[in-house]
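The sequence and structure come before the details.

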Amino acid sequence: RCLKLNAVSRVCSPPLENEGTQNIRLLQWNILSQTLGQHNDGFVRCPEEALTWQHRKYLIVQEILQNQPDVVCLQEVDHFKFLETVLGSQNYAGIFFPKPDSPCLYIEQNNGPDGCAIFYKRDKLQLLCYDTRILEVWRVQSNQVAIAARLQLKATGKEFCVCTTHLKARHGALLAKLRNEQGRDLIRFVKQFAGESPLLMCGDFNAEPIEPIYATILSCDILKLGSAYADMKLEREREKERCEDVNELISESIKREPPYTTWKIREDGEECHTIDYVFYTPQQLKIKNCLEFPAGDQIGKNRTPCFQYPSDHFSLVCDFELLDEPKSEA
Ligand code: NDP
Ligand code: CA
């Protein structure tokens, strides 16, 4: 899966413009923790060998490098040193922030805690500062984290912020409520960090678009975010305009999210959901292109992870253009 010209023409999207000084390519991906994937997740249809780090590590690196993103946001990273070394030799630098009580640590033969990571292209971007957060729920720290980074385009001096997170997993109304609270804390954290700067906020939110957190994020007055994949679909439906009414905007956006970002089979059955997102500030950034996901028959009947796809989540790749003048409201 590579965001290249033939893939682009297949979906009639604008040409690839990754090289321009105003363009930012972001790759968002839950890469599947090695320890959890191999010993905890129960991917009953995945061959054991496909789950070994020996097999997965180069597929992960390959998927990142072949897309040449300027910024890489990862979740479930429990081999940060490996990624830092390999990506470090390919013009990337990175930041890692582990979960405070990572479930990996309760499994024998773990490789340390899992957490979130941000990598950026060193020759194009300068890291100005970053901050980390253990997300709070009703003012109590949870086991989920976020990283925010302020980056500067070396060619123009323009700045933007990137934030990534991995929210609480599992189903149920109470957990949906908990994720919504984590989302509210994330918004507070990122607003304080980014101020009025252009913002990319992405991650594994573990929430389908119909969950409260999706509306919380899109209706947030202080950040004014849009969802990149949904807005790209809107762009392609040329006759449609972005809604002004926030409730309408949310329901329209829900409809345009991809059909899935994760597709796996555990003992209790098949799970095919959209739970990973790239949110952005449409007044300052224009979405130009999104990498589509492989179709069911390409993925195979055993779904993911598998020999071809090293994680149970697909990578989201988005091209943005940093706008010169922020779009005026409405
Ligand atoms: P989360 O609920 O956020 O989930 C942790 C990981 O489990 C995620 O990476 C998630 O992946 C994955 N996951 C989601 N659904 C399943 C599933 N059905 N089967 C297997 N794995 C799944 O965890 P927290 O960080 O809040 O930690 C809680 C967990 O950690 C507990 O469930 C416990 O197992 C373990 N723990 C154990 C302790 C102990 O033994 N004393 C102490 C602390 C934690 P994804 O996001 O991709 O869905
Ligand atoms: Ca997982």
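## Sheet and its edges

In this predicted model, strand E4 (residues 115–121) and E3 pair in the antiparallel sense, with seven bridges between them. Within E4, cysteine 116 has phenylalanine 97 standing opposite. Helix H4 (residues 80–88) packs on the sheet and touches strand E2 (71–77), E3 and E4. The direction of H4 makes about 170 degrees with that of E3.

The sheet is open and has six strands in the order E3-E4-E2-E1-E14-E13, with mixed pairing. Strand E3 (92–98) and E13 each have a single partner strand, so one side of each is left without a neighbour in the sheet. With direction ignored, neighbouring strands are turned against each other by 20 degrees on average.

## Helix H7

Helix H7 spans residues 228–236, and seven of its nine residues are buried. The buried ones are Ala228, Tyr229, Ala230, Asp231, Met232, Lys233 and Leu234. Their cover includes helix H8 (246–256) and strands E9 (226–227), E12 (276–280), E13 (285–290) and E14 (316–322).

## Nonpolar core

The largest nonpolar core has 74 residues. Those touching the most other members are Leu26, Ile118, Ala148, Val190, Val278 and Tyr280.

Beyond its neighbours within four places in sequence, tyrosine 280 is in contact with Leu199, Leu200, Leu225, Gly226, Ala228, Leu285, Ile287 and Phe320.

## Ligand 1

Ligand 1 is surrounded by 17 residues, of which Pro103, Tyr106, Asn143, Lys168 and Ala169 are the closest. The shell comprises eight charged, five polar and four nonpolar residues.

Terms used
Residues are numbered from 1 along each chain as its sequence is written. Chains are lettered from A and ligands numbered from 1 in the order in which they are written. This is a predicted model: local features need pLDDT of at least 70, side-chain atom pairs count only at pLDDT 80 or more; totals for chains, interfaces and linings use all residues. A nonpolar core is a set of buried Ala, Val, Leu, Ile, Met, Phe, Trp, Tyr and Cys residues joined through C-beta atoms within 7 Å. A residue is buried if 20 or more other C-beta atoms lie within 10 Å of its own, exposed if 12 or fewer, and partly exposed in between; C-beta atoms are placed from the backbone. Two residues are in contact if their C-beta atoms, placed from the backbone, lie within 7 Å. Helices (H or I, at least four residues) and strands (E, at least two) are DSSP runs, numbered from the N terminus. A residue is near a molecule or strand if its C-beta atom, placed from the backbone, lies within 6 Å of it. Ala, Val, Leu, Ile, Met, Phe, Trp, Tyr, Cys and Pro count as nonpolar, Asp, Glu, Lys and Arg as charged, and the others, Gly among them, as polar. Two strands pair if DSSP finds at least two bridges between them. Axes are lines fitted to C-alpha atoms, for helices over the stretch in contact, and angles run from 0 to 180 degrees between N-to-C directions.
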